[in-house]
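Trainee: I have the structure open beside me, and I would like to learn how to read it feature by feature. Could we go through it slowly?

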Amino acid sequence: MPELHIRTALLDDDAALARLDRAAWSPLHAVLPRPEPPYDPFFNDRFGPHDHLVAELDGQLVGYVKLGLPTPLFSNAHVRQIQGFLVAEEARGRGVGRRLMRATLDEARRQGARRITLRVLGHNTPARRLYESEGFVIEGVLPGEFLLEGEYVDDVLMGRPL
């Protein structure tokens, strides 16, 4: 049985995460156009390695979660927001997403958060099922917020207490 390991990202993971992100691009979850060369680094001034948990399956990066503050305001510093969540196609259906999600909830608690939120596209049924199974509920919907490949898609805000 392959071994799954969840850990905080390292600066050396940048290139592998960038490749993973490009390979998994899909209008099911992406609101930006497909990346084209020259590619930007995965980590940037706003989100570095310490803001990411990664999943390794037999030593290969197969997923990540980007966890951050929803705003710079002190009044909601008790909230964390999942601002990126991806599992490689070949690793789906093997519990990677669930393990990443649970590790993210633990990390948010470790950081002192009392609540966690995320945004998901309305047509991304597999992701929404996972989030709901982990206790997230729909807290708001922005109907037709994005125009993706000629279709208007809802932006769904989900959250849960920690």
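Mentor: Let us begin with strands: two strands pair if DSSP finds at least two bridges between them, and strands (E, at least two residues) as well as helices (H or I, at least four) are DSSP runs, numbered from the N terminus. This is a predicted model, in which local features need pLDDT of at least 70 and side-chain atom pairs count only at pLDDT 80 or more, while totals for chains, interfaces and linings use all residues. Residues are numbered from 1 along each chain as its sequence is written, and side-chain values use heavy atoms, with hydrogens and water left out.

Trainee: How many bridges join strand 6 to strand 7?

Mentor: Strand 6 (residues 137-148) and strand 7 run antiparallel and are joined by eight bridges; Phe146, for instance, has Val153 in strand 7 as its bridge partner. The hairpin that these strands form has two residues between the strands, and Glu149 there takes a positive phi near 50°. Strand 7 also pairs with strand 5 in the antiparallel sense, over seven bridges, and Arg119 stands opposite Leu157 of strand 7.

Trainee: Which residues are buried in helix 3?

Mentor: The general idea is that an α-helix has 3.6 residues a turn, so residues three or four places apart point the same way. Buried means under 20% relative accessible area, whereas exposed means over 50% and partly exposed lies in between (1.4 Å probe, protein chains only). In helix 3 (residues 125-133), Ala127, Leu130 and Tyr131 are buried. Seen down the axis, these buried residues fall within an arc of 95°, so they line one face of helix 3; the arc is that of the directions from the helix axis to the C-beta atoms. Their cover, judged by contact (heavy atoms within 4.5 Å), includes strand 4 (79-87), helix 2 (96-110), strand 5 (115-121) and strand 7 (151-161).

Trainee: How is a pair of aromatic rings described?

Mentor: Such a pair is described by the distance of the centres and the angle of the planes. Rings of Phe, Tyr and Trp (its six-membered ring) pair if their centres lie within 6.5 Å, and planes under 30 degrees apart count as stacked, over 60 as edge-to-face and the rest as tilted. By this rule the count comes to four aromatic pairs. One of them is edge-to-face, Phe42 with Phe43, at 5.4 Å centre to centre and 80° between the planes. Phe85 and Tyr131 are also edge-to-face, at 5.9 Å and 85°, and this pair links distant parts of the chain, with Phe85 in strand 4 and Tyr131 in helix 3, 46 residues apart.
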